[in-house]
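Work through the exercises below with the sequence and the model open. Each task is followed by a solution in steps.

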Amino acid sequence: MSDKNGQPQASPELVQTSRARLETYIREVQDGTGFWSYKRGQGPSAEATAWCTLAMALNEREAEKGAAAKGAAFMVASQDRKNGGWSTAPDTGFTDWATGPCLLSLRCVDKRGLGDRTVRRAVDRGLLYLADSRVEFFPVVARLLMLIGGGRKDLEYARGWPWDPDCYHWVEPTSYHLMALKIPGLPPADLYIKIVRFANQFLLENACVQGGWNHGNHISLGAELPPYRLTTAEALLALQEIPDHPKVVRAITVLQSYEDEDSSPLSLALSCLALDAYGKPREKELSYLLDRQKDDGSFSINNMVNGLVLLALSGENPLKMSNSHETT
């Protein structure tokens with residue numbers, strides 16, 4: 001359906017029906033041990049478990065041992081006991097970017113009263129992992145020379161997070177890790193404020209010229225790269241405490257400019273969440289998203305996507321920051 005201006009419109013009744021069907025599907029595909037897999041019938045996925053747990057937590061009451069509580073318990077049990085991070089899957093052999101979604105999910109679950117002391121301990125250890133796992137752009141010798149030549153100020157350069165320990169920092173893992181730190185609120189420690197400032201700086205420095213974000217650098221081989229809907233939405237969710245920054249304002253305009261085209265359910269779901277976080281209309285994006293629901297109630301064979309879509313269809317947006325810190 002469309003509004004009086006011909007723009008796509010999603011009725012509240014249609015959204016509610018779609019949400020109920022998707023929630024039923026997500027409940028059905030949860031493993032008995034608490035995890036969700038990327039694809040039904042496969043092994044555990046930390047990312048899919050994190051987003052599905054968070055989405056299901058919106059409908060569960062305090063002390064209820066439902067799907068969200070089981071998902072949270074699985075994440076606690078699968079946390080790396082040495083460094084406090086999470087792996088994409090338990091058998092990968094190293095911790096990686098999946099730490100961001102898992103930590104974000106557990107922090108929100110704990111705030112809603114669905115966690116216990118084990119969840120809070122896992123959150124504390126995950127926060128320390130995020131502080132330790134940022135990428136150093138300069139090698140040790142270069143940092144020493146910078147310290148000798150310019151003092152500590154020269155070491156305060158933009159730094160984000162990588163996909164895995166041996167990777168350069170990228171927009172998506174940096175965005176997810178920033179969300180994990182800022183939502184539901186930045187921990188009260190100067191260390192985290194400084195970390196967030198450098199990571200914000202990394203995103204702002206790598207915004208595309210026309211606005212929005214690409215996957216990494218905004219320029220390659222001398223050519224300016226175009227922004228993508230998905231990465232623009234992710235970075236916007238990570239930068240909510242500076243809504244008036246020119247690059248953020250420009251990115252919102254870019255996000256609103258996208259039409260249906262071939263946008264995936266993942267891109268549309270994150271667009272809905274980002275626009276809502278900034279108080280912008282999202283009816284057009286919701287309408288496009290609802291068109292992608294399958295007969296079984298799902299939106300994708302990937303349960304990470306289904307979890308994020310359920311968040312987008314919910315009346316509450318847990319990715320909207322409740323408080324902020326000026327960190328730029």
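A polar contact is a pair of N or O atoms within 3.5 Å; within protein, one must be able to donate a hydrogen and the other to accept it. The model used here is predicted.

**Exercise 1. Describe the setting of Asn206 and state whether Asn206 is buried or exposed.**

Solution. 
- Step 1: Locate the residue. Asn206 sits in the loop between α8 (190–205) and β1 (219–220).
- Step 2: Look for a polar partner. A polar atom of the Asn206 side chain lies 2.8 Å from the backbone oxygen of Phe202. The cut-off for such a pair is 3.5 Å.
- Step 3: List the contacts beyond four places in sequence. For Asn206 these are Trp213, Gly216, Asn217 and His218.
- Step 4: Classify by accessibility. Buried means under 20% relative accessible area. Asn206 has 8% relative accessibility, so Asn206 counts as buried.

**Exercise 2. Find what Lys247 touches, leaving out residues up to four places away in sequence.**

Solution. 
- Step 1: Locate the residue. Lys247 belongs to helix α10, which covers residues 246–257.
- Step 2: List the contacts. Lys247 touches Leu204, Glu205, Ala207 and Trp213.
- Step 3: Take Glu205 from that list. Glu205 and Lys247 are 42 residues apart along the chain, and their C-alpha atoms are separated by 9.4 Å.
- Step 4: Take Leu204. The backbone oxygen of Leu204 is 2.7 Å from a polar atom of the Lys247 side chain.
- Step 5: Classify by accessibility. Lys247 has a relative accessible area of 28%, so Lys247 is partly exposed.

**Exercise 3. State how many aromatic pairs the structure holds, and work through two of them.**

Solution. 
- Step 1: Count. The structure holds three aromatic pairs.
- Step 2: Take Phe35 and Phe74. Their rings are 5.3 Å apart centre to centre, with 50° between the planes, and the pair is tilted.
- Step 3: Because Phe35 lies in the loop between α1 (12–29) and α2 (46–57) and Phe74 in helix α3 (residues 67–78), the pair ties together parts that are 39 residues apart in sequence.
- Step 4: Check burial. Phe35 counts as buried at 11% relative accessibility, and Phe74 counts as buried at 17%.
- Step 5: Take Trp51 and Tyr176. The ring centres are 5.8 Å apart and the planes are at 55°, so this pair is tilted.
- Step 6: Trp51 is in helix α2 and Tyr176 in helix α7 (residues 171–182), so the pair ties together parts that are 125 residues apart in sequence. Both Trp51 and Tyr176 are buried.

Conventions
Residues are numbered from 1 along each chain as its sequence is written. This is a predicted model: local features need pLDDT of at least 70, side-chain atom pairs count only at pLDDT 80 or more; totals for chains, interfaces and linings use all residues. Side-chain values use heavy atoms; hydrogens and water are left out. Helices (H or I, at least four residues) and strands (E, at least two) are DSSP runs, numbered from the N terminus. Buried means under 20% relative accessible area, exposed over 50%, partly exposed in between (1.4 Å probe, protein chains only). Contact means heavy atoms within 4.5 Å. Rings of Phe, Tyr and Trp (its six-membered ring) pair if their centres lie within 6.5 Å; planes under 30 degrees apart count as stacked, over 60 as edge-to-face and the rest as tilted.
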